[in-house]
Amino acid sequence: MDAATASAVDGADDGLTVGRTAELVGVSVRTLHHWDEIGLVSPSERTWSDYRVYQAADIERIQQVLLHRELGLSLAEVRAVLDDPDTDVVAQLDRQRAMLSERLDRLRRMIAAVDRMKEAHMSEQKLTAQQQAEILGDGWDPAWQDEAQENWGDTPEWAQSEKIKARMGVDDWKRVKEENDRLEADLAAAMTAGVQPGSEEANALAERHRASIGQWFDITVQKQVCISRMYVQDPRFTAHYDERAEGLAAWLTAIIDANARAHGIDPATAVWE
């Protein structure tokens, strides 16, 4: 538990409310309620006015959940680890530290790559596909650019996106990466929290997804539906989204289809127009 959180917990004799806990640990109240519902982390005490509150041990468990999630475990896997009475806590922490060290090394390499790209930009050198990939991260394969050009290079959408990319510098690519990461994190959090396709929240996320594509070329709801089919048909897309949260590719496709229906479009007959 970090010093600020520990201080806040120590200063609250009656424990912390769900709202205060969410603020301290950096998750939403909705997420804490969901974790409570599935028995992952529940507030262990009640105040004299019968409010459920989190104690220090509860906060520590929340932070263990967050750490395991950061390392890529699903909620079910996290619960199994935390509830296993035979778990060797010290050995588990050693493994977590080793994995975090590997991630730190990767981040340092990415920072160095960004610095090289900045130098290239300042000297007016055009960014190569490999340099762009270093900004976009390990999940990006420069070969996809060639594949995309082969499939769509003669389309108006390709020409439009190429004009936009030609004007982009290092800061623009970093912004795109950060915005995409936030979107995918919000999609995963919504799915994990049980947001249903067709709901107002799901439709809003589908529109955010469409807007993210719209920064490259004009995108209609029908085009978005056609693109989303690849998320479940192409194993590479499925693996990308499911690495963020198991089942995310199918869920994203489902909310896009449901949003299309809300626009009067049948996803089964959607065409590229």
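How far apart should the ends of helix 10 be, given its 23 residues? I would like to begin there and then widen the view to the whole chain. Please keep in mind that the model before you is predicted.

Helix 10 runs over residues 170–192.

Which residues of helix 10 are buried? They are Val170, Trp173, Val176, Leu183, Glu184, Leu187, Ala188, Ala190, Met191 and Thr192. Ala185 lies in helix 10, and it counts as partly exposed because its relative accessibility is 32%, between the limits of 20% and 50%. Its C-alpha atom is separated by 8.9 Å from that of Ala245, a residue 60 positions away along the chain. Ala189 also has its place in helix 10. With a relative accessible area of 38%, Ala189 is likewise partly exposed.

Let me now turn to the chain as a whole. It contains 14 helices and two strands. Of its 273 residues, 37% are buried. The accessible surface comes to about 16000 Å², and carbon and sulfur atoms account for 51% of that area. Among contacts with a separation of 6 or more, 60% join residues 24 or more positions apart.

One of the strands, strand 2, covers residues 52–53 and holds Val53. Is Val53 buried or exposed? Its relative accessibility is 2%, and therefore Val53 counts as buried. Val53 and Arg20 are 33 residues apart in sequence, while their C-alpha atoms are 9.5 Å apart in space.

Leaving aside residues up to four places away in sequence, Ile256 touches Ala206, His209, Gln224, Val225, Ser228 and Tyr231.

Finally, how do some of these helices pack? Two packed helices are described by the angle between their axes and the distance between the axes. The axes of helix 11 and helix 14 come within 9 Å and cross at roughly 100°. Helix 11 is therefore roughly perpendicular to helix 14. On the side of helix 11, the contact involves Ala202, Asn203, Leu205, Ala206, Glu207 and His209; on the side of helix 14, Trp251, Leu252, Ile255, Ile256, Ala258, Asn259 and Ala262.

For helix 12 and helix 13, the latter being residues 235–244, the axes come within 5 Å and cross at roughly 85°. These two helices are therefore also roughly perpendicular to each other. Met230, Tyr231, Val232 and Gln233 of helix 12 meet Pro235, Phe237, Thr238 and Tyr241 of helix 13.

Note on methods
Residues are numbered from 1 along each chain as its sequence is written. This is a predicted model: local features need pLDDT of at least 70, side-chain atom pairs count only at pLDDT 80 or more; totals for chains, interfaces and linings use all residues. Side-chain values use heavy atoms; hydrogens and water are left out. Helices (H or I, at least four residues) and strands (E, at least two) are DSSP runs, numbered from the N terminus. The expected span of a helix is 1.5 Å times one less than its number of residues. Buried means under 20% relative accessible area, exposed over 50%, partly exposed in between (1.4 Å probe, protein chains only). Contact means heavy atoms within 4.5 Å. Accessible areas come from the Shrake-Rupley method with a 1.4 Å probe; for residues, only the protein chains shown count as cover. Axes are lines fitted to C-alpha atoms, for helices over the stretch in contact, and angles run from 0 to 180 degrees between N-to-C directions. Angles under 35 degrees count as roughly parallel, over 145 as roughly antiparallel, 65 to 115 as roughly perpendicular and the rest as oblique.
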